[in-house]
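User: Got a model here that I'd like to walk through with you. Can we take the sheet, then a helix pair, then the ligand site?

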Amino acid sequence: MNQESISKVNQIGWDQSVYQAWVNRHGLPNEYAQKLKSNPTRAVSYYIKYMGDVRDKKIANLLGSKGNKAVSFALLGADVTVVDISKENRRYAMELANQADVNIKYIVSDLLEIPEEDKLADFDFVVLELGVLHYFVDLMPLFNLVRNSLKSGGKFILRDYHPFASKLMNLEGDKMIANGDYFETELVDVDVAYSILLSENERAKLTKNKIRRWTLGEIVTSIAKANLNMEILEEESGIRWAFPVNSPEGIENKIPGLFTIIANKY
Ligand SMILES: C[S@@+](CC[C@H](N)C(=O)[O-])C[C@H]1O[C@@H](n2cnc3c(N)ncnc32)[C@H](O)[C@@H]1O
């Protein structure tokens, strides 16, 4: 299957009951906007430590979903553009921005098919995070796009689920077992990430997403090949929410749940 077909499947997946899922998780946009306004750094504090003061900075939040990070950055004075394939995500994000009294630009498009008039360029930061790389069947077009979106001296911040946990580890009963295939290259069908926020009835109606999981070596090599200069590769411990809810206690301190890569364009 090529990128176009996979993106089509995933667009359908992400345009189903996602608005309702965010309402179930965060409340209506006006309710969530008040929370973000009362503490604009909360949702983005992890990133701010790598970004410093974002006032007047241009930030591209790729696959930015419900827009909570974008709105937080905008509340901190940044000029933010989101790209995401789901118009239902855009609906929640734009209402959120509106209720928080900030402007964000939200492009609904396959990231690799952005119309010429919306082409990304001259960004200080590109932020791509949390359940993202697996939507791409080839990482090179993705990281080349990231490089072309940055201005010279701009910074790429990638934070995603650690392949060790997502490719290898599985929950069986109350135990985590390393019975996956780290080197699996095939596409797999998975439940859409937000399905856990819906009732069983609503969940049953959802179509699946199609994803390709990447190894850490493939990710790092592709970033280097795209001529992005890697500064940091952080493997994070202690992130409980990166693991399934029923995971054994303390597993988050033994297995990296997330990784972050900071890379610059020269
Ligand atoms: C798990 S979410 C990312 C999480 C998000 N950064 C956050 O923290 O809220 C994945 C997002 O990728 C979007 N997506 C999937 N494939 C895409 C593609 N080819 N181009 C653009 N967006 C895509 C989905 O619509 C979804 O909003």
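User: How many bridges join S2 to S3, and do they run parallel or antiparallel?

Analyst: Bear in mind that this is a predicted model. Counting the bridges between S2 and S3 gives four, and the two strands run parallel.

User: Which strands are the edges of the open sheet?

Analyst: The sheet is open, has seven strands with mixed pairing, and goes in the order S3-S2-S1-S4-S5-S11-S10. An edge strand pairs on one side only, and that picks out S3 (105–108) and S10 (229–236).

User: What angle does the direction of H7 make with that of S5?

Analyst: H7, residues 139–149, packs on the sheet and touches S1, S4 and S5. Its direction relative to S5 comes out at about 140°.

User: Are H3 and H6 parallel, perpendicular or oblique to each other?

Analyst: The axes of H3 (29–38) and H6 (87–99) come within 8 Å and cross at roughly 55°. Roughly parallel would need an angle under 35 degrees, and roughly perpendicular 65 to 115. So H3 and H6 are oblique.

User: Which residues of H6 make the contact with H3?

Analyst: H3 passes H6 in a right-handed crossing. On the H3 side, the contact uses Pro29, Asn30, Tyr32 and Ala33. The H6 side brings Tyr92, Glu95, Leu96 and Gln99.

User: Which element gives the largest share of the shell around the ligand?

Analyst: Of the 21 residues around the ligand, Trp14, Leu63, Ser65, Ile85 and Gly131 come nearest. The elements giving two or more residues are H1 (3–14) and S2 (79–84). The largest share, three residues, comes from H1.

Definitions and conventions: Residues are numbered from 1 along each chain as its sequence is written. This is a predicted model: local features need pLDDT of at least 70, side-chain atom pairs count only at pLDDT 80 or more; totals for chains, interfaces and linings use all residues. Axes are lines fitted to C-alpha atoms, for helices over the stretch in contact, and angles run from 0 to 180 degrees between N-to-C directions. Angles under 35 degrees count as roughly parallel, over 145 as roughly antiparallel, 65 to 115 as roughly perpendicular and the rest as oblique. A crossing is left-handed if the near helix is turned anticlockwise from the far one by less than a right angle, and right-handed if clockwise. Two residues are in contact if their C-beta atoms, placed from the backbone, lie within 7 Å. A residue is near a molecule or strand if its C-beta atom, placed from the backbone, lies within 6 Å of it. Two strands pair if DSSP finds at least two bridges between them.
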